[in-house]
Amino acid sequence: MAHFTKATSLHDWLNQRLGIDTLNRVLATEYWIPKNINFLWAMGMILAITFGLLLISGIFLLMYYQPNIDLAFDSVNYTIMQEVGYGWLWRHVHGVAASVVFLIIYIHMFTGIYYGSYKKGREMIWISGMLLFVAFSAEAFSGYMLPWGQMSYWAGMVITNLFSMGGLHLDGLVEWIRGDYVPAQAFLNRFFMLHVLLIPLAIIGLIGLHFGALRIPHVNNQDGEEIDFDAEAKKYLAGDKANSKVIRFMNDFLAKDMMVVGIFLILFFYLVFYHYDFAMDPVNFDPANGLKTPTHIYPEWYFLWSYEILRPFSTNVGLIAFAFAQVIFFLLPFLDRSPNAVPASRRGLFKYWFWAMLIDMIILTAMGKVPPEGIFSAIGFYAAITFIGLWIALPFITKFEKKV
Amino acid sequence: MKELFILVVVTVFTLVTYYLVEPFAHSQMHKHVESEGFTYKDLPALTKKGDATRGKDLVMGAGACAGCHSIEVAGLPAPMDPVTAAQSYGVNPPDLSNAGVVFDAKFLAALIKNPAHALMLEHKYNEKSGKSYPMPQFYGAGGDMDQEVADMVAYLQSIAVPQEKLTPNMAFETACGRCHAVHYPYALDGEIHAPWTQIGEKPTFKHKQDELAFETKVLDYQDALTKYLGTLPPDLSMYIRSRGEHYIKTFMEDPQAYLKGTAMPRVGVTAEAADKVIEHLENVGDSKRHKREEIGKYVMIYIIIFAIFAILWKKEVWRDLH
Amino acid sequence: MGKAFGAVAGVGAVASLYAMKRSWDPLPSVKAAGFTTLDMSQYKENELVVEKWRGKPIFVLKQSKEMLESYDKNMSQITGKSTAEMDKKRLIKVGDDYFLICVGLCTHLGCIPGYNPDEKSFLCACHGGMYDDTGMVTKSPPPRGLDIPPFKVDGMKVVLGETSPEYEKMLADGITLKV
């Protein structure tokens, strides 16, 4: 039993019971971040803020949304968009944030790949981050079902069909996932549950794990330099801020984060008010119709690259390629055999691997959206082969990388 | 400088990806149809100047319009109720009160002379199919046919409300409302309008029986319409978001350009009436657009101030760190 | 500068609170549906009919001659004035008839009282509160008589939800609270 004395102030009262000074020190003022970083290190904060925007806007959508196949479309497009005070704002914020969050996730991921931030003790940061990517993907997909428009319905149909595992014909599994022969009431209800409860819980837990995974290995820096955090922190606290290689999370790092967040929010709100169609597909403003497939169906842009890996092959091969694309990023820390945890620019062949992978994924993304005809099919096919080939080559090119 | 370079790299890759999945992909997926500005170049110009008084006699008499059409402003009621009319003709013939302001004069003249041609429905109504359009052609009342048609058009124009008094819902109801429902209520000049069905605005009912009776009528009408057109024309509530202004306008101008063989006729509206129809669909499907633009301005101003203060704070904090 | 930035961020947070508050407001369609029109010619004397207005039960009780007489007698005992001078404060006159139109929720804790036509009184089963046939309390715990909704007499019709000088007078005289 700890010893409590009469509190001298509210702060002291709380401090005796909750240890807020210690918390503040450990989590904020003496949480040390390397100084040698650029704005790409603020993507984590942008993701946290965007997740917050999704959560808040989602709460208000949840108050008026009706998870019923006869009412869902109108509850979104009439009640929320036209009747509820500022309902349109919540929906636009939610829709645009759901799309933009993936742009930031991809930037965050490629930053990690470029600077080798998944190596030398940082493997769990990478793996928890990839788990978050999967959770966000599931969250995005389940959310896409809810307006019950044409794209919702047909995406639900096509994606759940993937679980028949092609030649294995696991139709029973597909029906189990849907709770019906086609996406219908049971399907909408369970995806609604996943979207508003189970997956958000998982995401919040994973965010905790992702942050926790950072504590011991610390944040990486622009040059992959190994920093003695204790010694540098001492230097900082002694007053030699200019020569110390570390900064406080609060306010030093936070100030820079907020600067980047501020600039990001200008772009974000511009999209929310003036350029939202890219995130809210016009086709989904047609109510779901199980007897009519839209002329062009495609997933949201952030799923296009993996969709394109599925598309050029026959059913079974396509599914295997698709499964490969889904898990392979998890294995990055283990497939990269090089001892170097430095920026790609200093890593020989890996430098080319990085840019080839980035460009290949952009090509896959583009080809995933255009109709799979003629030249586009061919480009998509070779880009998919390149994607697989690059991953197979990764262990070999990194194995022979010279130690920096 | 290095940071700026990184920003440029990130921005370029982002914009390239955006360009490929949005403008480029959509240009590959959708046919682009250019508007002709509702000029109806394929239809002959009116050569004669019409006389409304003579036109009235023709419309009421020899032209035989009133046999099927109501003209409410002229005190002429519909010969039959909408459901019976649809069961007889396939679709309820429009009330002609505002035809003169909603439809283009050239189009009206062409329609009177040869409806299937003006409506671009000759693929459906021709000698080979043996079917003829429910509205008979006007073969003249004994005089100069061009003059007679011009007179009738002049009469229709004379009884219609003036251009500036044409409201968005009037334009919609005359041009689209007998085939397309819009099941969202909307506000116009502070008044709330009930959902639109093909047989009119849905009234509010106290008794369930009355409501069901009305809905049965709507279903009967829709059945007749489906038989006539092959498919039930879609509800247009969210078309302003699902199709957008350009598509809707060019579709009204020439449905065949998008859907070869569609049963949807050319609508034949004037450019001004087309704008009114669009405005109506905005009132119904995107009623918060003005609010969105207004709030958008304030939010943008605020967020720029937010960013400026964030930059100033960062500069202050980091002054000591360098 | 940190404080200034915090203040700017705070302004944004407060502004968004306004949008959140607006999102909790009743929808325009709810507000627009807040009117009920009653045709007063359909009611029978001393027969309670329950109508619905804004989701609440509305008691309509047409007063018989005998009920009106006993009302006048009661009121003259209380006020000391003659029966002829009594105005029917709680009752609404439509045509030549008088009606009790009130919210059918006990003013104690909101249960629905039942009407006994023989006793000509309302009894709330929850806590034993009683009202007479004009909705006045005859036995506690209810703190006041049954509340009267805003009304407007229009010929033989009564519109609930719209106010009128008669209703404003009832409010001013303290006969009912605003509902």
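This is a predicted model: local features need pLDDT of at least 70, side-chain atom pairs count only at pLDDT 80 or more; totals for chains, interfaces and linings use all residues.
The axes of α3(A), which covers residues 43–62, and α5(A) come within 9 Å and cross at roughly 160 degrees. Since angles over 145 degrees count as roughly antiparallel, α3(A) is therefore roughly antiparallel to α5(A). As for what lies between the two helices, the residues of their contact split into 16 nonpolar, seven polar and one charged.

Helix α5(A) also turns up where chain A meets chain B. Here, 45 residues of chain A are in contact with 40 residues of chain B. On the chain A side, the elements giving two or more residues are α4 (72–83), α5 (87–114), α11 (249–274) and α15 (349–369). The biggest giver is α11(A), with 15 residues. Sorted by class, this side of chain A has 32 nonpolar residues, along with seven polar and six charged ones.

Chain B touches chain C as well, with nine residues of chain B in contact with eight of chain C. Helix α14 of chain B (residues 289–319) gives the most to chain B's side of this contact, namely eight residues. That side comes out as eight nonpolar residues and one charged, with no polar ones.

Turning to chain C itself, the domain assignment gives domain 1 (1–26) and domain 2 (34–172). Taken over C-alpha atoms, the centres of these two domains of chain C are separated by 47 Å.

Conventions:
Residues are numbered from 1 along each chain as its sequence is written. Chains are lettered from A and ligands numbered from 1 in the order in which they are written. Two residues are in contact if their C-beta atoms, placed from the backbone, lie within 7 Å. Helices (H or I, at least four residues) and strands (E, at least two) are DSSP runs, numbered from the N terminus. Ala, Val, Leu, Ile, Met, Phe, Trp, Tyr, Cys and Pro count as nonpolar, Asp, Glu, Lys and Arg as charged, and the others, Gly among them, as polar. Domain bounds come from an automatic or database domain assignment. Axes are lines fitted to C-alpha atoms, for helices over the stretch in contact, and angles run from 0 to 180 degrees between N-to-C directions. Angles under 35 degrees count as roughly parallel, over 145 as roughly antiparallel, 65 to 115 as roughly perpendicular and the rest as oblique.
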